[in-house]
Amino acid sequence: MRHLIISDIHSNLTALDAVLEAAQGRWVKTACLGDLVGYGPDPNEAVNRVRALGALVIRGNHDKAVSGVTDPEDFNPVARATVLWTRQQLLPENLQYLQSLPRGPVPAGEFFLVHGSVHDEDEYVYSPAQALDGLLDAPAPLVFFGHTHFQGGFALREGEVQVLGFAPSGGKPYSTFSLEPDTAYLLNPGSVGQPRDGDVRAGFAIADLENRTVEFWRVPYDIEIVQARMARAGLPEPLILRLSYGR
Ligand code: ZN
């Protein structure tokens, strides 16, 4: 069965719709690794869209802060400002939905979902050293994670951690990665709504466990229209600008 894997949507409906259009007809189930909201201008629309997908969803740190599960005090001032703005915008039913999201790891058939790391939903996994514990203790050979907004991942094979990077090639909007036996994987589909890996395009993945492949996609979306909505909403300038740089 083919799974659409999305993460870190961050209230960016234009990016999410570009992803859903590109992935149309290519998946049976959707899994979402959290951070549906925060930063962007469309919190209710983004939550409604994910709910309509009937997706398996786990919570991210922004979902927790916005819905009051945690205090946004640990957030930097810019992020905290958008947490409070988002909380004001959200309909009660959507706040409740975010509050009810489970903490990873959560199984999705043959693989697992986490927001941050296998051991800590709020931990960032950027380096092989940070990935190693999770790879060793992974509840399944394949775990998808988000939180860093970097498309890529890590593989553990015969005691060695490999760093994986993906970029579309051959005129296709995706690259196809083959899963090897006897290997543990931590894979990040990238961020739908606020990529930070230098590629401004929305990132996502499609996993096909029957064929042991994962496609890593990048699709363009209308960034300026999102920036205009952010400006109208009075969201902080640095958050508006960073969409243009993918940082
Ligand atoms: Zn995020």
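**His 147 and its surroundings**

Leaving out residues up to four places away in sequence, His 147 touches Ser 7, Asp 8, Asn 61, His 115, Gly 116, Glu 121, Asp 122, Glu 123, Tyr 124 and Arg 196, where contact means heavy atoms within 4.5 Å. This is a predicted model, in which local features need pLDDT of at least 70, side-chain atom pairs count only at pLDDT 80 or more, and totals for chains, interfaces and linings use all residues. Residues are numbered from 1 along each chain as its sequence is written, and side-chain values use heavy atoms, with hydrogens and water left out.

The place of His 147 is the loop between β6 (142–144) and β7 (152–157); helices (H or I, at least four residues) and strands (E, at least two) are DSSP runs, numbered from the N terminus. With a relative accessible area of 3%, His 147 is buried (buried means under 20% relative accessible area, exposed over 50%, partly exposed in between, with a 1.4 Å probe and protein chains only). Glu 123, one of its contacts, is 24 residues from His 147 in sequence, and their C-alpha atoms are 8.1 Å apart.

Asp 8, another residue that His 147 touches, sits in the loop between β1 (2–6) and α1. Its relative accessibility is 0%, so Asp 8 counts as buried. The phi angle of Asp 8 is near 50°, a positive value in a residue other than glycine. Arg 212 also is not a glycine and has a positive phi, of about 55°. Arg 212 belongs to the loop between β11 (202–208) and β12 (213–219) and is partly exposed, at a relative accessible area of 36%. A further backbone feature is the cis peptide bond from Gly 104 to Pro 105, with omega near 0°. Pro 105 is in the loop between α5 (92–99) and β4 (106–108).

The nonpolar cores come next. The largest one has 43 residues, of which Ile 6, Leu 36, Leu 98 and Phe 204 touch the most other members; a nonpolar core is a set of buried Ala, Val, Leu, Ile, Met, Phe, Trp, Tyr and Cys residues joined through side-chain atoms within 4.5 Å. Helix α1 (residues 13–23) gives the most to this core, with six residues. Beyond its neighbours within four places in sequence, Ile 6 has contacts that include Leu 16, Val 19, Leu 53, Val 192 and Phe 204. A second, separate core holds 22 residues, among them Ile 5, Leu 113, Phe 166 and Ala 207. In soluble globular proteins, nonpolar side chains tend to be buried together.

For the protein chain as a whole, there are eight helices and 12 strands. Its radius of gyration is 17 Å, close to the 18 Å that the globule rule gives for 247 residues, so the chain is as compact as a globular protein of that length; the radius is taken over C-alpha atoms, and the rule is 2.2 Å times the number of residues to the power 0.38. Of the 247 residues, 56% count as buried. Among contacts between residues at least 6 apart in sequence, 73% join residues at least 24 apart.

Towards the end of the chain, Ser 244 lies in helix α8 (residues 237–245) and counts as partly exposed, at 38% relative accessibility. Ser 244 touches Val 200, Ile 223 and Gln 227, not counting residues up to four places away in sequence.
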